[in-house]
Amino acid sequence: MTALKPSTTGRQYADWTPTAVAMSGLGHRMLADQMVPVADDAALHTDVYLPETQGRYPAVVIFGGYSAELASAGVPMGSNEIGSPPVFTDRGYCPVVVERRGMGRSTGEQAPHFHPQDTDDEVKVIAWAAEQPWCNGEVVLFGTSYYGVTQLLAAERKPPALKAFFANEVCTDLYRHLINFGGAPALYFLNVWMGANFTKGMEDLRLSPQKRALISQLTNGRLHPLMEKIVHRKMDDLFTHFMAATPTEPILRSYVDWIFDAKTPDHPGLPTGSSGRLDQIDIPFTVVQNLGYLNLHQFGTYDLWENASTPADRKWMILGPAEYDLPVFSWQKEALAFFDHILRGTDNGYDAQPPVRYWVEGAESFATDISFPPATARRRRLYLGSESTLSDQVPAEGSDSWLAVPLGLPTLGGLDTIDRQLVTFTMQIERDTQLAGAVTARLTFSCNEIDSFIMARLSRIDTQGTPHLLSTGAVRPTTCTEDPSRSTSIEIVHDTGIRTPLVPGEPTEVWFSLTPFPVLLRAGERLQLDIGSRSDLLRGDPSDGYVQFDIPAPPYLCRNTVHFGGESWIEVDETDVH
């Protein structure tokens, strides 16, 4: 019988190599189609992967919202975020890949995604796994995105068998990190996500373990780099295809509720995530954030790091470079080293790893610290000024403006020869400068309509004039009231339930966060800030490692204005250059 082909493509370690492994060379076998009872009328379909060498090993529960038929086959899909099971079994760990109620081969009725019922079920699966004859009673969690969010929700319940988790790309507030970005619905993301993963065809798909293994021989072999290039090149076409798909009725109902009815995070039935309850998490964890995810996930990592109750010497955070890999096979070896350290006490060097490791664009290497923003970071304010300047000096009074054109609306040819849809501000770098930490924008803004949308992008312009995207942020100026109880040192959180219409022509203060972007700016380079209202004019490309979805904004055809004279600036954290 053909076996699953393992894969460790993608980045595996954050600038270190373990000095020891607890076990290796154990092979793998599969217990397919296990059914875990969670209610009288519901059982969850579970595939269990075990070392070929008999024994009792820790279970790695991987609980998500997708069909698992293609998850282990290496097919380049956005939902293939469980890692490669043979990589884990070879090291003496047992992946337990679970489908939620009503999905795939699981029975029972689906609840909305991230419903507390799912967390109840995951806690039961953790207890079930711990009691199996192949398990030593210890359970950890692993996975990316959806499979990361569910880890936090389960960890706050404190199931006795759960010892640690390794989460990649997490959201903590599902409204602001997943459903509504910068005050505007995350329409394009939800269209792609739901259309790609929750059609009847996907839910009804059935592949035998043998077929999955045969597929993995192709996808995880020499063809993988070519497939990745093709997927990146065809990403727009794939997104268009997914957005035209028809999901199942329960998914469509959630879509209508989230997009059309849920205008505040307090909307009844809306999934809340773990934000506000993160202090209930006290077990060891490592959390990883891809810095290229610019309007998905991102801020949840910092929320977890800042607010979990886990002791400082039992938690680690990794901020990795912008890399868009499908499937997500990154960080498996880092996770195994972490689990070896926590569960088996392996002297592999993990306890010597700094609490925070973060990628520095421009230096093309990792830096380390005990916290993030780094402990030695110094806030630096850069003012927007006339003649497109970005400077430490307070400029003279003035203003600049741009045209806001709703996404998808047609305009006459030649519009950009008469006026602009972006305004740009640059700062010449006189000495090597390293930035790492929070990025905050404060603009004095006016508009000739009652509402608009503001999006900002920071880039490093190298000495050859090539731009390197660093960071983006967005805000709807009518929903700009801060909620300090939910803000973190990295993210300004707005209460979108408070809406204050703009008075046309009257300036108002607008505050918002951009995503962090550790960067080394060399002397002779430039830091560039672009401001506009359209995501398609400012977003990055998946082939460059960026994951960023268009936003249905701005709402009106209008003119937006930013005012100078010390009233508009960005703040960044400057650190020592190493």
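**Notebook: the domain 1–domain 2 interface**

I started with polar contacts. Across the interface of domain 1 and domain 2 I find 10 residue pairs in polar contact, both partners at pLDDT 80 or more. I note that this is a predicted model.

Next I looked up which elements of domain 1 touch domain 2. Those supplying at least two residues each are α4 (174–179), β8 (184–185), α5 (187–197), α9 (235–243) and α11 (299–307). Of these, α11 gives the most, with five residues. I then sorted the residues on this side of domain 1 by type. They come out as 19 nonpolar, 10 polar and six charged.

I went on to salt bridges. I count two between domain 1 and domain 2. I also looked up the pair arginine 486 and aspartate 173. They form a salt bridge, with the closest N and O atoms 2.9 Å apart.

Then I checked the domain bounds. Domain 1 runs over 29–353 and domain 2 over 378–575. I get 32 Å between the two domain centres, taken over C-alpha atoms.

Contacts came next. I find 35 residues of domain 1 in contact with 35 residues of domain 2.

Last, I took the buried area. Domain 1 and domain 2 bury about 3,000 Å² between them. Carbon and sulfur atoms carry 64% of that. Which three residues of domain 1 supply more of its buried area than any other three? I find Tyr188, Leu294 and Phe299, with 22% of the area that domain 1 buries against domain 2.

Key
Residues are numbered from 1 along each chain as its sequence is written. This is a predicted model: local features need pLDDT of at least 70, side-chain atom pairs count only at pLDDT 80 or more; totals for chains, interfaces and linings use all residues. Side-chain values use heavy atoms; hydrogens and water are left out. Domain bounds come from an automatic or database domain assignment. Contact means heavy atoms within 4.5 Å. Buried area is the accessible area (1.4 Å probe) that two parts lose on being put together, summed over both. A salt bridge is a side-chain nitrogen of Lys or Arg within 4 Å of a carboxyl oxygen of Asp or Glu. A polar contact is a pair of N or O atoms within 3.5 Å; within protein, one must be able to donate a hydrogen and the other to accept it, and residues adjacent in sequence count only if both atoms are side-chain atoms. Helices (H or I, at least four residues) and strands (E, at least two) are DSSP runs, numbered from the N terminus. Ala, Val, Leu, Ile, Met, Phe, Trp, Tyr, Cys and Pro count as nonpolar, Asp, Glu, Lys and Arg as charged, and the others, Gly among them, as polar.
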